[in-house]
Structure formats: structure tokens, C-alpha cells
Amino acid sequence: MAVRANDGSWVIHFGVFEADLRAGELRRNGSKVKLQEQPFKILAMLLERPGEIVTREELRARLWSADTFVDFDHGLNSAIRRLRDALGDSAENPSLVETLGRRGYRFISAVGFHDSQTLLGEPSSPKIQSLVVLPLENLSKDPEEEYFTDGMTDQLITNLAQIGALRVISRTSAMRYKGTKKSLPEIARELHVDAVVEGAVMWVGARVRISAQLIEAQTDHHLWAASYERDLRDVLSMQEEVTRAIVSEIRVKLTAQEQARLASTRLIDPDAYRLCLKGRYYFYKLKPEAMQKAIEYFQQALEKDPAYALAYAGLADTYNALAFFTVFPPREVVPKAKAAAVKALEIDANLAEAHVSLGWAGFTYDLDWPAAGKHFERAVVLNPAYPLAHSYYSLYLGALGRSEEGLTEAKRALDLDPVSPAILHYVGVQLYLARRFDEAIEQCRKTLEFDPSFTPAHRVLAEVYAAKGMYLETLAAYERYATLSGGGPGSTAFVGYALALSGQRSQAFRVLDQLGATSKQRYVPALSFAVVYVGLGENEQAFLWLEKAYVERTNSLAYLKVDATWDPLRSDPRFADLVRRIGLPP
């Protein structure tokens, strides 16, 4: 009786071999290989579950009936030996069938599944032009090792995303499906992808094992599966081997540059690798305390491996984020971000993340708009599937008043990251900066449907309401923003601004007093005072604090030319002068 693979396929290929499970034949480069029935049945069982252990007990139950009186151990060992001879495999250094002590055997090569159409020379699956890598499963079940599994997922996404002919859904959208009960076809429909990669990771001591499978999304048909095990030092080359196997299976043609990038791996210090993954894990939390921990882990990684470019890129991202969230004055942290990004590019000139960090610092801190633009342009060429490169480039273009170009970049990011509230939010920002206020309101509401607690969307919604003169709605949205963001100085200032617009001047002045008291304890951006004063119509004070914000290099000042918040000051010559000094065209 023929054994059928789990996905319903009868023909399975691996390397130069092809196993026809229905006919019970093994072929090498199309020519039949002589193999007895028992060894072939063992091969069929191993191919049913590539990367998994098939125990000796399972083989006995399936292939040796209870009433057969044979020396099982001798019979099994003999069958395995004949199988290896047919495959040209070695017990000592296996590339196909691995022995696991007295436990059983495991098929360790990549396999491709094909249905009966393959026998007629027809393609077995539709062309794959887009995919998502779902969060890999943490087989250790230890929550303390979740950072490692997430990091492995990130790296696989990053590797695949560098293939220009393939649209790969980004990390943020992929991670929303962690632990989901949704079916693969359902996920694929939501993300508009042709295929899904899923798998699992096991890390034990100095060894790491990853199993992965490629599934054609619409039919849930398995196209490829493989399992890899390496020393932790070789983890990057292992991940690139997985990438090459997937790319080969979906028949994507690599450019010479992409081939070189996938081949340019180096050994990495295992401790540095783990520390860098921990740094990214805490960075993605985007909370001040977590970002401080992220910096510590990135720095520890660099102590272990001073030539680790990704750790420098992580430091750059984190320092820039601390300035963006006004945790520290920009002059304290942005120079550190720039230094880390420059060091990363000295080690790896093709690191898109570092170019994005320098682009962001270039227009929000250095006010060097031409240099910033070159970094963003380089980043989207190096990694066209990096959503933040497109999102931050869109903010740069929007700040310059190039709203249509900015909106195009924001939508490119959304195509790569379709269920990320942050990326949805950047589209709303562009519509606000372009003064397409009704569309901006609609986009903000879409973002909040995905995540009602996503604070930046409440802020942009409030800004749009203010621009439309809807002051009661402005106050309600800013109060919601302040509540969700923890009531920091920035959000408190916007509540004061809304109070002033709605005619509650005494309460707005109380907010100014509160900001003054807070500034004695922690950093309060000068722009926070300026925004309340512009709401009050106290233009002299607003300009005084805008000048202080210019000295501080508060990042929001980069949007001065297009942000409707500052419209009451536009007719004053001092405003045009400030816009000129920021480096923005008139």
C-alpha cells in the first residue's frame, strides 16, 4: 500500500532525488534507483514528517507486523543501511537521514511536495510573488527564551525581504498572528499573500535547530519543508540557507547583488547574537524603561563582538527613539544615534537600517535635508521591503511639502505591513500634512479600528479636528491621547492647547504652570510650552519658545512648514525666518 504525505502529495523531491510514493519508486535525476520495498517504506515514513523524529517503535509498528518473527534490530539496521547506500548518504556525516541514538531517525534535507500533475510535466503550484513568515514557535515553551524565537523570525523576514522580486510582509504585521487560531488561507486573504512560511525553533546549549515549511496559501498545500541544526556561531548562515531553499522552491530569480548578499555571512559570537536579539526584543516594546534595557543589551553585545553591525544599528534606532518620545533632550541622545549608525555602515555599507537612522537624524536634528534624502533613497534601494524606510521617507517628504510623493511612500509601507497600526498611522499623518482633513479623519478611524489604544492616531485625529475648528472634539481626542500615553509633558501640553482653543483659558494657563513645575524634575520639550501659547493666541511667548525648541532640535519642529497647528503664526515675518533656518524651502 502506498504511503501518502501529510499534504496529500504522492511525489516528493529532495536534492537530485524524487520519491514516487504511489509507485514505490526512487528516482535520481529522473532515472530509477534500485531500492527494496522495506527501505523504501522507511524512506516514505521519514518523508511524511521531514525534520521530525520517526521512532524505532513507530517503524516497528508500521512495517513489522506483530506476528512476524524477525530480529527487529538487525532488520531495521539492514534496511537503513540499504537506504543510505541507495541515497549515497553517510551515517557518520549524514546529509539526508540522521540517526538519533537508540531513539530513531530523522530526514534532515529540504523536501518539495508535488501532486500528480508533476508526473505530466505541469507545474505543481501557482507562481508565488508574495509571502508572510508567521512567528516561529518556541519549542522550549520557556517564556524567557521568547526573545530568541522572535529574533529568528525577524532575521528570516529580513533575509527574504531583501529579494526584490518578492513582496514579504513585515515583522509588525506578521507578529499580530502570534498564537492565532486563524487558518492559513484566512491569514493569507487578510494580508493578500500567495504563500505562508511557518516553523519552529529549539535552542539547547550551543546548538540551535529550526524547522520550516512553505505552504501555498489558497489551498493549504505544502510545497517545501526542511529542518536545519547548527552551532549557534553558524546561525546566520543557517538562516540564509533556509532563505535560499525557499527562494529556490518558489523559483524567484536572484540578482547578482542578492546572491552576493546571501553568501556574505560570517561566524558570530553566540553570546553577542543572543544579547543583540534581547536588545531588539526590548526595543520593540517602545517603552522608556524597555529602551534603556535595549541599550544595555546592545552595548553588551558589542563588548562581545565589536564588529557586530546590527548591534550598532539597534543602538542607533534606540537612541533616536528616546529623542522621538522626548525621554531625553535630542542633544543628549541623537549624536549617539548618529555615531552608532556611522559605525554600523563602516562595518556593513549595505545596512538599510543604519541609513534610515541617519536619514531620520538628518532632517529632524541636523536639519541637513539633502543628506537626509540621500540616506532614505539609499535605504529603499538596499531594502525595498523595509516598511520603516518608506514610512520615515514619507515623513521627510511630507515635511518638505511634497505631499503626493510622501503619500506614495506611506502607501508602499502599508503594502508591506498591512495590519500594522503604526504604518496605517503614517498614511493618516500624510493626509493631515497634505491638508486632506476629511480623508485624514477616515484614516485615523481605520487605524483605531485595528488598535483602539494606539496613541499617535488619537493625537493626529485631534490635530485634524483642531484644523477644522471642531474644538470640543479636539479636546476629547487630546484627553484620550493623554490618558493612553500616561500623561507625560507632551500630551499634557496638547490638552492645554485644546483647552485654550475651546475658550478655557484659565485651565490652559494652569497647564503651563504644571509644565513649568515638571520641567524642574525632568526634560520637558520647549515645543510643549510653544503649543499651549499658540492656542492661547500669545504669539510673543509662542515665538520665544519656538526659538528655544530650535536650539533644542525638537524633532517635531521639522514639520513647521506644513503643520496646521502653527497657522496663526504664518503671517509673521519671524515665522518665515524660522522656516528658512530650519532649512525648509519657502
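Is W360 buried or exposed? W360 is buried, with a relative accessible area of 6%, where buried stands for under 20% relative accessible area, exposed for over 50% and partly exposed for what lies in between (1.4 Å probe, protein chains only).

## Basis of the report

This is a predicted model, in which local features need pLDDT of at least 70 and side-chain atom pairs count only at pLDDT 80 or more, while totals for chains, interfaces and linings use all residues. Residues are numbered from 1 along each chain as its sequence is written, and side-chain values use heavy atoms, with hydrogens and water left out.

## Aromatic pairs

Rings of Phe, Tyr and Trp (its six-membered ring) count as a pair if their centres lie within 6.5 Å, and are called stacked when the planes are under 30 degrees apart, edge-to-face when over 60 and tilted for the rest. By this rule the count comes to 22 aromatic pairs. One of them joins W360 and Y392 in a tilted arrangement, at 4.9 Å centre to centre and with 40 degrees between the planes. This pair links distant parts of the chain, since W360 belongs to helix α13 (residues 352-366) and Y392 to helix α15 (residues 387-399), 32 residues apart; helices (H or I, at least four residues) and strands (E, at least two) are DSSP runs, numbered from the N terminus.

Y478 and F494 form a stacked pair, 5.0 Å centre to centre with 15 degrees between the planes, and both Y478 and F494 are buried. Ring pairs also link residues into a cluster, whose members include W360, F363, W369, Y392 and Y559.

## Charges over rings

A charge sits over a ring if NZ of Lys or CZ of Arg is within 6 Å of the ring centre and within 35 degrees of the ring normal. The charged end of K548 sits over the ring of W545, 3.9 Å from its centre, and R553 lies over the face of Y550, at 4.8 Å from the ring centre.

## The largest cavity

A cavity is a set of points, on a 1 Å grid over the protein atoms alone, where a 1.4 Å probe fits but cannot get out, and its lining residues have an atom within 4 Å of a point. The largest cavity has a volume of about 40 Å³, a volume being the space filled by probe spheres set on the points, which are joined across faces, edges and corners. Among the residues that line this cavity are W360, F324 and R553, and α11 (309-324), α12 (330-347) and α13 each supply at least two residues of the lining.

Terms used
1 Å grid on protein atoms, 1.4 Å probe; cavity = no way out; pocket = protein on both sides within 12 Å on 5 of 7 lines; lining within 4 Å.
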